[in-house]
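Thanks for coming. Please have a look at it first.

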Amino acid sequence: MQFLVSLQNSESWQQIVDHCQLTTLNKIDDLNAPLAESLDTTAYCIRSALTLVDLTQLLADKETLLVLSLDAPETLIGKLLQQGKPISSAISTWHQQTTAVLRLQQQHRRQLKLAQSNGLLLNPAQAPKWLASMFLTTTDATPQLSHDFHSLMASQALRQNREAKTTWQRLIASSLPLLDDPYVSFDLGALYQSAIVRKDERLAEYKDENELLQQHLFLAQEELEQQLSKKQTLLKEKQMLDQALQGEVAELKERLNVSEQAVSAGKQQQDQLKKQHNELKTKLTTSQTRLKKATQTLEKTEHQLAESISENELLLKQLFHIQEELEKYSFDQRLLENDKKHQQTQHQRIQSKLEQKLKIAIAENVNTKQQLSTAQSELQVISASKLWKSVEPVRRLSKALNAKSRKKVKLQQDVALIMTSEYFDITWYLQSYPDVAESGMNPAEHYLCFGANEGRVPGPLFDSNWYLSQYPDVAENGINPLLHYVKFGAQEGRTASPKLLKHQKGAN
């Protein structure tokens with residue numbers, strides 16, 4: 001695809017768009033519109049000015065060819081000067097944009113061609129073939145002289161700036177050779193006449209400003225004369241005030257003489273008053289000394305009173321502390337008595353359980369002895385037979401099964417230790433954890449296998465969680481806390497719960 005584009009919406013670019021017979025798109029986004037896709041053409045003219053980013057996007061397609069129309073540097077910089085920009089700033093703006101265009105043209109030398117806008121209007125035949133045939137012929141093909149004073153200034157500034165001049169020459173060398181003279185020509189006579197006209201216009205403006213200033217001066221002079229007359233009236237008023245003040249001063253002098261005579265008489269009275277003052281002063285000193293002594297005695301009395309008050313407060317605090325200790329002691333005594341009663345009832349309950357279990361164990365022991373004697377006699381007969389020797393693998397299997405039964409026996413022994421411990425309260429445990437009662441499981445076995453790991457407590461006298469946090473070595477070994485206390489903890493002097501620890505500290 002081929003495109004004719006521009007970076008400025010200038011007057012010369014609009015003339016090029018009017019003379020060009022390419023398919024015209026208003027903006028670059030119209031390329032993706034359904035209308036552009038339906039057109040049977042590959043060459044377009046985009047009316048609106050593009051940016052360098054738009055050019056880069058178009059050049060991303062390696063098959064795309066671009067002709068970029070550029071206005072003359074003198075014209076571009078002249079427009080910036082008309083907008084009020086300084087010459088250095090205008091040249092710097094043009095230099096940055098032109099350098100970016102030349103850099104882009106150097107990267108895409110085959111795809112991107114630069115053309116001066118006046119050259120496309122005057123000599124389009126030198127343009128690429130796909131573009132040259134699409135221009136209308138113009139009757140006047142001679143370059144016109146410029147009458148723009150700002151463009152003339154821009155031309156001179158470009159020639160004086162070495163860096164801008166070099167960029168200007170690079171731009172001419174990189175552009176299509178459409179004109180024999182790529183520089184803008186100026187009609188100096190017309191420029192001179194326009195300068196004279198401007199001078200006359202400015203003189204007329206200066207005359208108008210001068211007349212306006214004279215009017216302002218006349219008004220200011222009238223205002224000054226009015227202020228001067230006001231000043232003269234104020235001076236007259238001042239003189240009158242001075243005369244009045246002189247009369248008042250003479251009157252005040254007479255009053256001063258009278259007051260001086262009164263002062264001399266007052267001095268005599270003052271001497272008498274001084275004598276009276278001295279007498280009163282002596283009386284005051286004696287009374288002050290008396291007052292000072294009385295104050296000292298009063299301070300001593302207040303100090304003694306404060307000491308007695310502080311002693312009373314200290315005694316009250318001690319009495320209050322003793323009362324608190326007595327109340328605390330009585331409360332602890334009640335707790336110990338309650339715990340003692342509870343332990344006695346628990347001990348009686350455990351003793352009754354143990355007696356029942358002892359009877360059962362004695363009966364089981366007798367039965368076991370009888371079974372053992374019959375089994376020994378049967379074993380002697382069986383071990384002598386050939387069948388005994390042939391079932392050796394079966395005996396090994398039975399040993400493995402016996403190991404499991406030994407674990408079960410150990411579990412039953414640990415359950416019995418917990419069951420017979422005074423710290424395991426079966427009734428309390430089942431009431432506190434109704435899910436254990438519903439399961440039908442032995443409560444001591446439940447606490448041994450699951451309850452302690454779930455943070456449950458075996459009774460009011462033993463706190464499993466506190467025991468594990470107080471003795472971390474027990475937690476590290478993974479042993480049941482109550483089983484550890486029954487087997488080892490009690491003998492090692494460990495405490496079953498924080499309540500008992502508090503009682504032990506109070507007793508000490």
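The protein chain has 19 helices and five strands; helices (H or I, at least four residues) and strands (E, at least two) are DSSP runs, numbered from the N terminus. This is a predicted model, so local features need pLDDT of at least 70, side-chain atom pairs count only at pLDDT 80 or more, and totals for chains, interfaces and linings use all residues. Residues are numbered from 1 along each chain as its sequence is written, and side-chain values use heavy atoms, with hydrogens and water left out.

Some totals. Of the 508 residues, 26% count as buried, meaning under 20% relative accessible area with a 1.4 Å probe, protein chains only. The accessible surface of the protein chain is about 36100 Å², and 55% of that belongs to carbon and sulfur atoms; the areas come from the Shrake-Rupley method with a 1.4 Å probe. Take the contacts (heavy atoms within 4.5 Å) between residues at least 6 apart in sequence: 69% of them join residues at least 24 apart.

Now the helix pairs. Axes are lines fitted to C-alpha atoms, over the stretch in contact for helices, and angles run from 0 to 180 degrees between N-to-C directions.

How do α4 and α5 cross? The axes of α4 (residues 73–82) and α5 (residues 87–107) come within 9 Å and cross at roughly 135°. The two are therefore oblique to each other, oblique being what remains after under 35 degrees (roughly parallel), over 145 (roughly antiparallel) and 65 to 115 (roughly perpendicular). On the α4 side the contact has P73, L76, I77, L80 and L81, and on the α5 side I87, A90, I91, T93 and W94. By class that gives nine nonpolar, one polar and no charged residues. Here Ala, Val, Leu, Ile, Met, Phe, Trp, Tyr, Cys and Pro count as nonpolar, Asp, Glu, Lys and Arg as charged, and the others, Gly among them, as polar.

Helix α4 also packs on α8 (residues 149–160), at about 115° with the axes 7 Å apart. From α4 come P73, E74, T75, I77, G78, L81 and Q82, and from α8 H150, S151, M153, A154, S155 and L158. That contact divides into six nonpolar, six polar and one charged.

Back to α5, which packs with α3 (residues 52–59) at about 5°, axes 11 Å apart. That makes α3 roughly parallel to α5. L52, L55, T56 and L59 in α3 meet A100, V101 and L104 in α5, with six nonpolar, one polar and no charged residues.

How values were computed. Buried means under 20% relative accessible area, exposed over 50%, partly exposed in between (1.4 Å probe, protein chains only).
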